[in-house]
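This briefing concerns the architecture of one protein chain, arranged by topic. Please consult the sequence and structure shown here before reading on.

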Amino acid sequence: MRPIRQTKFGDPEGNCLEACIATITGIDLAEIPHYMEGWFDAYSAWLRARGWCVAWWEVGAGSVPPGLAIANGPAVRGLGHSVVTCDGVLAHDPHPSGVGVLEVHSWMLLWPEGLRVREFPEVGR
């Protein structure tokens with residue numbers, strides 16, 4: 001994992017999610033688009049075209065993902081935020097503050113296509 005810092009801040013311009021994707025996949029941050037409307041389906045298609053699979057689920061709907069994953073939730077700054085976790089523990093916050101999220105509302109798991117991962121039957125997407 002090569003930690004990547006976000007380069008844009010605030011809502012809706014912030015690119016914390018893109019920085020997390022770059023951190024996990026190794027894809028250059030400048031290459032990752034910033035999707036808002038239909039973001040999950042857009043990222044799924046974009047990542048699949050680059051050999052990556054993605055799953056997303058809300059905290060109450062499933063398990064803490066194993067290994068590297070993206071946790072989404074509120075930041076102390078009052079905005080939604082994304083961070084990288086390892087086995088559910090903060091591993092990298094792309095924001096310069098490094099404080100993470102106050103609580104996790106949803107998870108996003110990325111893995112290389114063809115890699116077998118534990119199934120999450122409760123994952124909604």
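Helix α1 (residues 16-25) packs with helix α2 (residues 39-48) at an angle of about 30°, their axes lying 14 Å apart. The model is a predicted one: local features require pLDDT of at least 70 and side-chain atom pairs count only at pLDDT 80 or more, while totals for chains, interfaces and linings use all residues. Residues are numbered from 1 along each chain as its sequence is written, and side-chain values use heavy atoms, with hydrogens and water left out.

**Helix pair**

- The two helices, α1 and α2, are therefore roughly parallel to each other (angles under 35 degrees count as roughly parallel, over 145 as roughly antiparallel, 65 to 115 as roughly perpendicular and the rest as oblique).
- Leu17, Glu18, Ile21 and Thr25 of α1 make the contact with Trp39, Tyr43 and Leu47 of α2, where contact means heavy atoms within 4.5 Å.
- By class, this contact of α1 with α2 comprises five nonpolar residues, one polar and one charged (Ala, Val, Leu, Ile, Met, Phe, Trp, Tyr, Cys and Pro count as nonpolar, Asp, Glu, Lys and Arg as charged, and the others, Gly among them, as polar).
- Axes are lines fitted to C-alpha atoms, for helices over the stretch in contact, and angles run from 0 to 180 degrees between N-to-C directions.
- Helices (H or I, at least four residues) and strands (E, at least two) are DSSP runs, numbered from the N terminus.

**Sheet**

- Five strands form an open sheet in the order β1-β5-β2-β3-β4, with antiparallel pairing; two strands pair if DSSP finds at least two bridges between them.
- The edge strands, each pairing on one side only, are β1 (52-58) and β4.
- Neighbouring strands of this sheet are turned against each other by 35° on average, direction ignored.
- Strand β2 (residues 68-74) pairs with β3 in the antiparallel sense over seven bridges, and Gly73 has His81 of β3 as its bridge partner.
- In the hairpin of β2 and β3, five residues lie between the strands, and Gly78 takes a positive phi near 85°.
- β3 is joined to strand β4 (residues 89-92) by three bridges in an antiparallel arrangement, with Thr85 standing opposite Leu90 in β4.
- The hairpin of β3 and β4 has two residues between the strands, and there Asp87 takes a positive phi near 55°.
- β2 is also linked by three bridges to strand β5 (residues 106-112), the two running antiparallel; Ile70 stands opposite Met108 in β5.

**Helices on the sheet, and burial**

- α2 lies across β1 and β5 and runs at about 160° to β1.
- α1 is mostly covered, with 10 of its 10 residues buried (buried means under 20% relative accessible area, exposed over 50%, partly exposed in between, with a 1.4 Å probe and protein chains only).
- The cover over the buried residues of α1 includes α2, β1, β2, β3, β4 and β5.
- Gly26, which follows α1, has a positive phi near 85°.
- Strand β3 (residues 80-86) has five of its seven residues buried, so it is largely enclosed by the rest of the structure.

**Segment before α1**

- Thr7 is placed in the segment before α1, and its 53% relative accessibility makes it count as exposed.
- Leaving aside neighbours within four places in sequence, Thr7 is in contact with Asn15 and Leu29.
- Thr7 and Pro96 are 89 residues apart along the chain, yet their C-alpha atoms are separated by 9.7 Å.
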